[in-house]
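Dear colleague,

Please find the structure below, handed over for your use. My notes on what was found in it follow.

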Amino acid sequence: MLNRSTFFIEPGLSYEKCQKILFPLISQSSLLLSSIRRIHLDGTNSSSFDLINERLYDNERKSCRFSNLKSLILTRCLLIESLTDTLSFLIKYQLDELTLIFDKQMIYSLRCTGDMSTMEFEKEKLIKIFQELIEIIFSNQCQLTSLKLDFVYENYSLKFHQCLKSHSSNLISISNQIFCPKLRYLHLHIQYTFILENLIDYVPFLEELSLIFHRSLEIHPRSPLDIKTLIETNGNWFKKVSKLKYFSLKSVLRDNVEFAYLKWLLNNLNHIEKLSIHLQSLNDFKTNEIIWNSIIDANFIYKYCLPDEIIHLKQFHFYIISNYESIKKTTEEIIHSFRIHPVFLINHQWTNVKCLFDPILSYQHLCSSPYSIYERKFTHNSIHVPKLFNYTNIRYVWFDFDSSDHLCLEQFNELFPNSFCIKVNMEQMFYSRRYSDLLHSRLAVYYNIQSYLLIKSTNIEPYRLTHNQLHNVTRLDFYPYTGRPSELLARLISMPIQLKSLRIQKFEWLIHMIQYASNELKQNALNNVEYVEFSIPSCNMGSNERLHIGKNLVPFLSIYMPHLRTLRLWRPDDFPWTSIRPMYTPNRVCFSQTMMLRWFQSLRKSVDSINQHVFVFQQDLNELIEQLDKFVFLEILGEIYKEKLEPYRSMVQRNFPNSRSHVDISRFRLWI
């Protein structure tokens, strides 16, 4: 769609329509080609980012087809070599602004099981491609003025960030004249603090720097002793980024070492004019850290959130969320501390603060005037929300469910008139492996306090959900649960008037919901769903019952989600969801184990087995597309042997010649 100077592909638009109608229309119109200045490509519902090399870049003429393109936004994109080549050209000669958000599962899906050598090769290849791209971005060839870069990769983040570290070391040894000559605005989502220290040498003309740390001010792989030595150097970055006027930082702080690092960082940037700080303590673990246990008031802000020497600072905004055991000062006393503090008294605009004690999450919220704080008080049948706190800008609401939650949901339309998404955690206690997901979600809450809200409930009756309706909510996300939440799931799914997007942990949940809680499910509750995401059990290992759950996939979707456009599947192994493994008799253990061993050996070594899986996968794809006439995009995250790569690719190209596909050992994408 063309919107003034911006071009974007509507979600759910098929590749066939793009290829036959949209792309020819644009390419044949010189006016359109020259008018488009901004393009946003999203990999959620298509492989549209793959088209950059084909549609944006003219390989013969070595030029961009959109002559006036200045801004490019890529979200959920894969890191592939052709994309990197085209981006390198655009960064050097075309773009002023670039937003690059890679697909988070690109690395995570490369689980180190099966063929270790293949997995390691794929990871090393991605790291090399990433390093080449970074070398272009942070070099004197880069013509960007604005860059937003998100490259946090779970489990492999350090390796990717070390591309920058090695790049920095090499450049210093070669020349001290290599830097980004035009970059003025830099927004980064990173995981390790050393990245900032390495990058600062290559952005001497930077005017605005915004940082979001993934979990905390992570000092790893360095030790606390290394950080102490670093702090004692008393370095100052004025000569490195003398033009920097604005600095923003959002992060969790875990301990006193990270507070010390923050103070060192602020002292290095004490020449800035505008400062914004968002900090949060961890309440998932009891902390003995002295700093977080102190009173969070004006003295705390001055001591830990401002540089020691305030030179040119004119605007200072903060939002501090801290865990508390008991109230040490009243809100009035905390607010009054700013009015009598000598530093804040001189700068009168810094004395207008708000403070709130949250008894439900045991948080203290303290912020400067530009930010809003939310407050809620639970009674037996209602939620009291003072008019002072405005929810109207909140777009996402996260519920931590105990059994269920009706208090907020009963008043949801009134409280959150512009919210379109509810994220539901189905368990009260979540720790261990889900800790990182929890922390990341809470970071999202407090990084964007105007758009994201976290609510935790306790002991609320499930039946109270029955008659509630959500007017504007079109997306529901359900997170881990150990049981089969059939009735609760049915009630929650029935609440939105028009549910468009559903993300759920397991496909079995939906099957159980239909089998055991159909009386709780509103008629046609899933009928308008256009996007669905869930996992399906292995088609090669497990019990006979779980093995064949996948055969219900297409019949279920065709009946309950007839308007589905996008399907995203999580698999523990192969891409086909229909199993061809023989049924083994449970009471003959030795026989079953022997047959199972032979079966696994055949998966990789037997040509007949590979051909069978190719045939079954072809049947699965054909059935899916035939039964869902509006279907557009399929993505499967799994793991296959490298011997199946070419057979799968050939099958897709042969059977879907007018589609766009991407097949590797951990991912399958088909844009029809």
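What share of the contacts in the protein chain with a separation of 6 or more is accounted for by residues 24 or more positions apart? The share is 79%, where contact means heavy atoms within 4.5 Å.

This is a predicted model, in which local features need pLDDT of at least 70 and side-chain atom pairs count only at pLDDT 80 or more, while totals for chains, interfaces and linings use all residues. Residues are numbered from 1 along each chain as its sequence is written, and side-chain values use heavy atoms, with hydrogens and water left out.

Overall figures

The protein chain holds 23 helices and 27 strands; these are DSSP runs numbered from the N terminus, helices being H or I with at least four residues and strands E with at least two. Of its 672 residues, 55% count as buried, that is, under 20% relative accessible area with a 1.4 Å probe, protein chains only, whereas exposed means over 50% and partly exposed lies in between.

Confidence

The predictor's confidence in each residue is pLDDT, from 0 to 100. Its mean over the protein chain is 78, and 73% of the residues reach 70 or more. Over residues 428-452 the pLDDT is below 50, although this stretch has 67 contacts in the model beyond near neighbours in sequence. Confidence is lowest in helix 16 (residues 435-447), with a mean of 34, and highest in helix 20 (residues 553-560), at 96. Where pLDDT is low, the predicted coordinates should not be read in detail.

Helix 23

Leu645, Tyr648, Met651 and Val652 are buried in helix 23 (residues 645-655). They lie on the same side of helix 23 because they cover an arc of only 140 degrees around the axis, taken from the directions from the helix axis to the C-beta atoms. Gln653 and Arg654, on the other side, are exposed. The cover over the buried residues includes helix 22 (607-627), strand 26 (660-664) and strand 27 (667-671).

Aromatic pairs

The whole structure contains 23 aromatic pairs. Rings of Phe, Tyr and Trp (its six-membered ring) pair if their centres lie within 6.5 Å; planes under 30 degrees apart count as stacked, over 60 as edge-to-face and the rest as tilted. The rings of phenylalanine 179 and phenylalanine 205 have centres 6.0 Å apart and planes at 70 degrees, so this pair is edge-to-face. The two residues are 26 residues apart, and their pair links distant parts of the chain. Phenylalanine 205 counts as partly exposed because its relative accessibility is 29%. Elsewhere, ring pairs link Phe259, Trp292, Phe300 and Tyr304 into a cluster.

Yours sincerely
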